There are 2 protein chains.
Amino acid sequence: MVSSTEAEIRLIGLQGIPEVKPGDHLAPLIAAAAEHCGLAWADGDILVVTQKIVSKSEGRLVCLRDVEPSGFARRLAAQRRADARFIEVVLRESHRIVRMDERVIITETPHGLICANAGVDRSNIADDDCVSLLPENPDASARRLRDDLRQHSGVEVGLIIADTFGRPWREGLTNVAIGLAGLAPLTDFRHRRDDHDRPLMTTVLATADELAGAAGLIMRKTMRIPAVIVRGFPFDAGECGMRELLRARERDLFHY
Amino acid sequence: MVSSTEAEIRLIGLQGIPEVKPGDHLAPLIAAAAEHCGLAWADGDILVVTQKIVSKSEGRLVCLRDVEPSGFARRLAAQRRADARFIEVVLRESHRIVRMDERVIITETPHGLICANAGVDRSNIADDDCVSLLPENPDASARRLRDDLRQHSGVEVGLIIADTFGRPWREGLTNVAIGLAGLAPLTDFRHRRDDHDRPLMTTVLATADELAGAAGLIMRKTMRIPAVIVRGFPFDAGECGMRELLRARERDLFHY
């Protein structure tokens, strides 16, 4: 008999993290919240944080009052009854437009992420007139926060920066990994064998996205929980970052 | 101060479920495994089970030795150095082919699911020559298992049947909900307000897929854990089933 704890994962939301401002260091805020919740960090914990607090701490905010929309942004905004300054910021953050209709603009960001509005977002920003951008280099942000936590708390965590993205064919957003440090984003079962000792032919699991999605269950948007500890999941170490999660164009049957 | 338990979710893998055979009733097998792990069920638990054990219990298996491939299946198989009988089963389970190349055939199933090989799968089947099909009506399977568990153990759980699917643009498979009972697949935040009291304009979260993905972290393919209890997640009741997770063609910018 195997005890249940060997097959148990805990998702623990860190409450009490204050509103993050540009220049704030996240590691001490997160460590204080963990302590406040009575949690002792452990090596092997995974920390999942929202893109939003990372972007805020890095000052990746744009105030719309400072934005002069281009003619194209004005035209797109008029078609959508949207704020032309918001559309302008979306265009500035976009590498290309993948699809658009009257409801949504799906773009590819310079990072290679495909998502609505290039990840530009109005929700959960203290200043009504400001929007947040994705971190400039989410893997670098993840590495920095992981290093800071090691320095601050002496622990080696796996670190994921997550955001909620839509996807083709299925309704609803799910939380996915947009930056990571210290853990491998994919788990390759192709050389392992199934329960009947046959090779598992094609199975590569997007572990980092499942971890982000699990944390998303706790990070509900209105609950002020921007950081979640995943405890009890034996992850593979790795430094390849989120690029490994992006399907190469030549391997993508759904490239646009 | 809020205690950590208010923001904690536990994912508990049920070990010790034996190889499931056609005609087996899952509820007593799952209840026995839970008892074996020392787990008392509670109302409000969510049970996530793999498609594989549901399909096996329903006899949704096809032995390739009994399959006579069509000419088209033979041609596709020859292009791929694949087993023509396997391709034949995939075609029989497909409503249409969405995309294909020399590596993979993406089809839409009669349920409206879009996935590789119509969900036909060779892994984790005791008989080397057999493959499993998706349940004929995964929502009905989920309702049946939920009813059986209520009868058997006296608990009201939310129930999800999950399978690992690929997705466009991103590498790796993630576990998603293909059938459900007793819980709402989507959580609509559009009438709620963010932390700064502004409306959350467009946020509908695919809760059932995040729950399936979280369970997927425990259901790693070679670990014989086909059932996971999610405890501590306050879900919305609902009976709409998985169809709500399928994006309607007219709302899908990426319809094929």
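These questions and answers concern a predicted model of chains A and B.

Q: What makes the two copies related as by a two-fold rotation axis?
A: A rotation of 180° with 0.0 Å of shift along its axis brings chain B onto chain A, with an RMSD of 0.0 Å. The copies are thus related as by a two-fold rotation axis. The same surface serves both, since 100% of the contact residues of chain B recur in chain A.

Q: How many residues does the contact take from each chain, and what counts as a contact?
A: Two residues are in contact if their C-beta atoms, placed from the backbone, lie within 7 Å. The contact takes 66 residues from chain B and 66 residues from chain A. On the side of chain B, β1 (8–13), β9 (174–181), β11 (204–205) and α6 (207–216) each give two or more residues. That side divides into 31 nonpolar, 16 polar and 19 charged residues.

Q: Why are β1 of chain A and β1(B) said to pair?
A: Strands pair if DSSP finds at least two bridges between them. Strand β1 (residues 8–13) of chain A and β1(B) have five bridges, in the antiparallel sense, so they count as paired. R10(A) stands opposite R10(B) in β1(B).

Q: Why is helix α4 of chain B called largely enclosed?
A: A residue is buried if 20 or more other C-beta atoms lie within 10 Å of its own. Seven of the nine residues of α4 (residues 84–92) of chain B are buried, so the rest of the structure largely encloses this helix. The buried residues are A84(B), R85(B), F86(B), I87(B), E88(B), V89(B) and V90(B).

Q: Which elements do the buried residues of α4(B) pack against?
A: They pack against β3 (61–63), α3 (71–80), β5 (105–108) and β7 (130–132) of chain B.

Methods
Residues numbered from 1 in each chain as written. Chains lettered and ligands numbered in written order. Predicted model: local features only at pLDDT ≥ 70, side-chain atom pairs only at ≥ 80, totals over all residues. Least-squares fit on C-alpha atoms with pLDDT ≥ 70 in both. Buried ≥ 20, exposed ≤ 12 C-beta atoms within 10 Å, placed from the backbone. Helix = DSSP H or I, 4+ residues; strand = E, 2+ residues; numbered from the N terminus. Nonpolar A, V, L, I, M, F, W, Y, C, P; charged D, E, K, R; others polar.
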